[in-house]
Amino acid sequence: MPTRKVIAIGASTGGVEALGQVLSGFPTTIPPVVLVIHMPPGFTKLFATRFNEKFKISVKEAQSGDYLTNGQVLVAPAGKHMKVVIRNSRLAVECYVGEKVQYVIPSADVLFESVANVLREKAVGVIMTGMGADGARGLLMMREHGAATIGQNRETCAIYGMPKVAREMGAVDHEVPLNQIADRILSLV
């Protein structure tokens, strides 16, 4: 099991630009990052490739069996849920086609709930700009299992939906502006 924390992030509408700002603030020594962003099929691979070329950290579209490693962001593939599992005594991801959760696939709730169950307090959950309620329930579960949680504040969201629902549920420990999310994550890991 990990001695350092894993970072789980969920975003939707407005998320590409917002995530770019957060990921640009990560050093190559960042603990493993698992990420859900709501995009149509084919776009998560382009997103990962573009960000991999742009930032110091490695960004890739996840495949089942990928292990979590420091300095890497695994992006849930569009059209598949992604969850964190233990495989061969190591942390890995499993990507699979399933039913939509909160009207979306991939779902931040699915990812966050797996992180809560597998990592408990050895995680940081982040919910960012986006419409709807995806991620709120999973982030609450992470918080209840001892993880630190962050929500993007209303003023810096393109759409203050997902973070708002999470805050109203009591799932958010720290509500911060976009330009402070990377630093807050680093302070918690």
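Modeller: Contact, in what follows, means heavy atoms within 4.5 Å. This is a predicted model, in which local features need pLDDT of at least 70 and side-chain atom pairs count only at pLDDT 80 or more, while totals for chains, interfaces and linings use all residues. Residues are numbered from 1 along each chain as its sequence is written, and side-chain values use heavy atoms, with hydrogens and water left out.

Biologist: Why is helix 1 described as largely enclosed, and which elements do its buried residues pack against?

Modeller: Buried means under 20% relative accessible area, with exposed over 50% and partly exposed in between (1.4 Å probe, protein chains only). Helix 1 spans residues 15-23, and seven of its nine residues are buried, so it is largely enclosed by the rest of the structure. Among these buried residues are Gly15, Val16, Leu19 and Leu23. The elements that the buried residues pack against are strand 1 (6-11), strand 2, helix 2 (43-54), strand 4, strand 8 (148-152) and helix 6 (178-188).

Biologist: Which residue in strand 4 is the bridge partner of Ser58?

Modeller: Two strands pair if DSSP finds at least two bridges between them, and strand 4 (residues 72-75) pairs in the parallel sense with strand 2 (residues 33-37) over three bridges, with Val33 opposite Val73. Strand 3 (residues 58-61) also pairs with strand 4 in the parallel sense, over four bridges. In strand 4, the partner of Ser58 is Gln72.

Biologist: Is Met39 buried or exposed, and which residues is Met39 in contact with, leaving aside its neighbours within four places in sequence?

Modeller: Met39 lies in the loop between strand 2 and helix 2. Its relative accessibility is 17%, and therefore Met39 counts as buried. Once neighbours within four places in sequence are set aside, Met39 is in contact with Val16, Thr44, Phe47 and Ala78.

Methods: Helix = DSSP H or I, 4+ residues; strand = E, 2+ residues; numbered from the N terminus.
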